[in-house]
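Please keep the structure open beside the text as you read.

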Amino acid sequence: MIDFHTHCHRPEHWGCEWEKHWQPVYGHEAHDYGPEEYDRAMAPVTAACVFGIRATAAGVLTPNDFTERFCAETTTETIGFMALDPTDPDVLDQLADGVARGLRGIKLYPVLALFDPRDEKHDAFYRAAADNGLVVLWHMGATPSPAGDLSVSNPLVVDEVARRHPDLVQIIAHLGHPWQRETIVTLRKNRRVYSDVSASWARPLDGYLALARAQEWDVVSKLVFGSDFPLWTPAEAVEGLRSLASSHPSGFPPIKSSTIEWLLDGDPRAEMGLA
């Protein structure tokens, strides 16, 4: 099982964003864990992508050297992603630094970083990512933060990036919830765009409909497993996905066992350039 969505950031990386905007919703302080706790949670996993978060407008920052060190200190086979913000004037230098540190992808968070992915001023950044064989993983969809801008978090914005940069491998996180339909049609038309299913079980009706629609639109092979650790462990994510598969509203199609098997056993890393 490959977990494409895990985090490594520390409470201090959040600045005041978690305490001010997220804690009132989730009811607890920012997660505090290290490589040992991460490895215990990742026991069922063959390999995992791991990243922090960066949104300069919100005062949120996980440095590249922290992610590099975190990966080095785990026993899990990790694929480190840098957390970048294209609005930073030195973002291309940060990208080059991440590549030099062996990081293989980029986590982007437009809803908090307050940038429009479609803006052509970011094209040099996307070209640099593609030229370096990096995978871009987008947080798409909802946020609990009042500071966030949902207008730049609809997964249809990724379609515009993919049209201009068809060689760039991109992953839409969380199936773009609540815009899962928009994610699915984006996957269908763009050959190098994927989506992870992390947190889909948190809204069971939306999660069921998303997987059913992925089957109808024949894009199950573009879906990848993600736990969203530390919000859920991989074991909890598997349980959540199996629960979605067991639900079968009257008159609606079932979630096929082959869909769940792909999510748990599929490994598209080679076609993504992450093998």
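The protein has 12 helices and 10 strands, where helices are DSSP runs of H or I with at least four residues and strands are runs of E with at least two, numbered from the N terminus. This is a predicted model, in which local features need pLDDT of at least 70 and side-chain atom pairs count only at pLDDT 80 or more, while totals for chains, interfaces and linings use all residues. Residues are numbered from 1 along each chain as its sequence is written, and side-chain values use heavy atoms, with hydrogens and water left out.

**Overall build**

Let us begin with the whole chain. The C-alpha trace spans about 55 × 40 × 40 Å along its principal axes. Of the 275 residues, 57% are buried, meaning under 20% relative accessible area, with exposed being over 50% and partly exposed in between (1.4 Å probe, protein chains only). Among contacts (heavy atoms within 4.5 Å) between residues at least 6 apart in sequence, 75% join residues at least 24 apart.

The unreviewed UniProt entry carries the annotation "domain: Amidohydrolase-related" for residues 2-240. UniProt positions follow the numbering used here, feature names are shortened, and annotations may be inferred rather than shown by experiment. Over residues 2-240 the chain is 37% helix and 16% strand, and the end C-alpha atoms are 16 Å apart.

**Pocket and cavity**

Where is empty space left? Rolling a probe the size of a water molecule over the atoms shows this. On a 1 Å grid over the protein atoms alone, a cavity is a set of points where a 1.4 Å probe fits but cannot get out, and a pocket is an open set with protein on both sides within 12 Å along at least five of seven lines; lining residues have an atom within 4 Å of a point. Grid points are joined across faces, edges and corners, and a volume is the space filled by probe spheres set on the points.

The largest pocket has a volume of about 640 Å³. It is lined by 30 residues, and the closest to its centre are Trp-22, Tyr-26, Pro-144, Asp-228 and Leu-231. The elements giving two or more residues to this lining are β1 (2-7) and α1 (17-26), and α1 gives the most, with 3 residues. By class, the pocket lining divides into 16 nonpolar, 9 polar and 5 charged residues; Ala, Val, Leu, Ile, Met, Phe, Trp, Tyr, Cys and Pro count as nonpolar, Asp, Glu, Lys and Arg as charged, and the others, Gly among them, as polar.

The structure also holds 1 cavity of 30 Å³ or more, and the largest cavity has about 40 Å³ of space. Its lining includes Ile-2, Phe-4, Trp-262 and Gly-266. The elements that give two or more residues to the cavity lining are β1, β10 (223-224) and α11 (257-265). This lining has 8 nonpolar, 1 polar and no charged residues.

**Backbone spots to look at**

Most residues other than glycine have a negative phi, and most peptide bonds are trans. The table gathers the exceptions described here.

| Site | Backbone feature | Value |
|---|---|---|
| His-177 to Pro-178 | cis peptide bond | omega near 10° |
| Phe-229 to Pro-230 | cis peptide bond | omega near 15° |
| Leu-114 | positive phi | about 65° |
| Ala-199 | positive phi | about 70° |

Pro-178 is in the loop between β8 (169-172) and α8 (180-189), and Pro-230 is in the loop between β10 and α10 (234-246). Leu-114 sits in the loop between α5 (110-113) and α6 (123-131) and counts as partly exposed at 44% relative accessibility. Ala-199 lies in the loop between β9 (193-196) and α9 (204-216) and counts as buried at 5%.

**A helix and a loop residue**

Helix α7 (residues 156-164) has Val-157, Val-158, Asp-159, Val-161 and Ala-162 as its buried residues. Their cover includes α6, β7 (135-138), β8, α8 and β9.

Asp-116 is in the loop between α5 and α6 and is partly exposed, with a relative accessible area of 25%. Leaving aside neighbours within four places in sequence, Asp-116 is in contact with His-122 and Val-152.
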